[in-house]
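I opened my notebook to look up a few side chains and what they pair with. My notes follow the order in which I looked.

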Amino acid sequence: KQWYQRRVRANKEDEIETLVYEQMALASSSFAFSWSRWNADCGERRMIVRAAENLSTQPVDEDMWKNYSCEPQKCYTLKCTDDDDDLFDEKLEETQFHPDLFHCLREGASTSAISTMSSTPYGFVDNISTWLFATKVLTFS
């Protein structure tokens, strides 16, 4: 099969896609993001995103990734990982519910990551946002 025949489309509502891509752009100076294998199975009004703090140019260690469940008015860190056999919808202990992905990521972020996100130029965030909306990296995998 050709590469374009192997892609999977996760049908998502525009509202949740917009919210998640905007939040990813805001946090992208301090976090790496990836598609989660659970994203295609969680419904149209929810996205599951993998994220890990990364303030260097080095690849993220596999054990640093966390899954985040994002809905239009609620985001939280999932207990399950992409290595689990089944998706189970449990919030990671000692974490809270948040109104969006950005604030959810800030909960577990280092002081350096928060400082970097706070001082990120608008042009950088705008460019990342444009790229995310153009590629729809979480919708097409």
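Before starting I wrote down one cut-off: a residue is exposed when its relative accessible area is over 50%, buried when that area is under 20%, and partly exposed in between. I also noted that the model is predicted.

Entry 1, salt bridges. I searched the whole structure and found eight salt bridges. Side chains of opposite charge can pair when their charged atoms come close. I then looked up some of the pairs.

I placed Glu62 in the loop between S2 and S3 and Arg50 in strand S2, so the pair ties together parts that are 12 residues apart in sequence. Is Glu62 buried or exposed? Its relative accessible area is 51%, so Glu62 is exposed. Arg50 has 12% relative accessibility and therefore counts as buried.

Arg46 sits in the loop between strand S1 (31–35) and strand S2 (47–53), and Asp89 in the loop between strand S4 (74–77) and helix H2 (101–107), so the pair joins parts that are 43 residues apart in sequence. Arg46 is buried, at a relative accessible area of 12%, while Asp89 is partly exposed at 46%.

I located both Lys79 and Glu93 in the loop between S4 and H2, 14 residues apart. Lys79 is partly exposed at 34% relative accessibility, and Glu93 is partly exposed at 48%.

I turned to strand S3 (residues 66–71), where Asn67 lies. With a relative accessible area of 3%, Asn67 is buried. Which side chain does the side chain of Asn67 join in a polar contact of 3.0 Å? I found that of Asp82. The Asn67 side chain also reaches the backbone oxygen of Cys80, at 3.4 Å. Leaving out residues up to four places away in sequence, I listed what Asn67 touches, including Ser36, Trp38, Ile48, Tyr76 and Leu78.

Technical notes. Residues are numbered from 1 along each chain as its sequence is written. This is a predicted model: local features need pLDDT of at least 70, side-chain atom pairs count only at pLDDT 80 or more; totals for chains, interfaces and linings use all residues. Side-chain values use heavy atoms; hydrogens and water are left out. Helices (H or I, at least four residues) and strands (E, at least two) are DSSP runs, numbered from the N terminus. Buried means under 20% relative accessible area, exposed over 50%, partly exposed in between (1.4 Å probe, protein chains only). A polar contact is a pair of N or O atoms within 3.5 Å; within protein, one must be able to donate a hydrogen and the other to accept it, and residues adjacent in sequence count only if both atoms are side-chain atoms. Contact means heavy atoms within 4.5 Å. A salt bridge is a side-chain nitrogen of Lys or Arg within 4 Å of a carboxyl oxygen of Asp or Glu.
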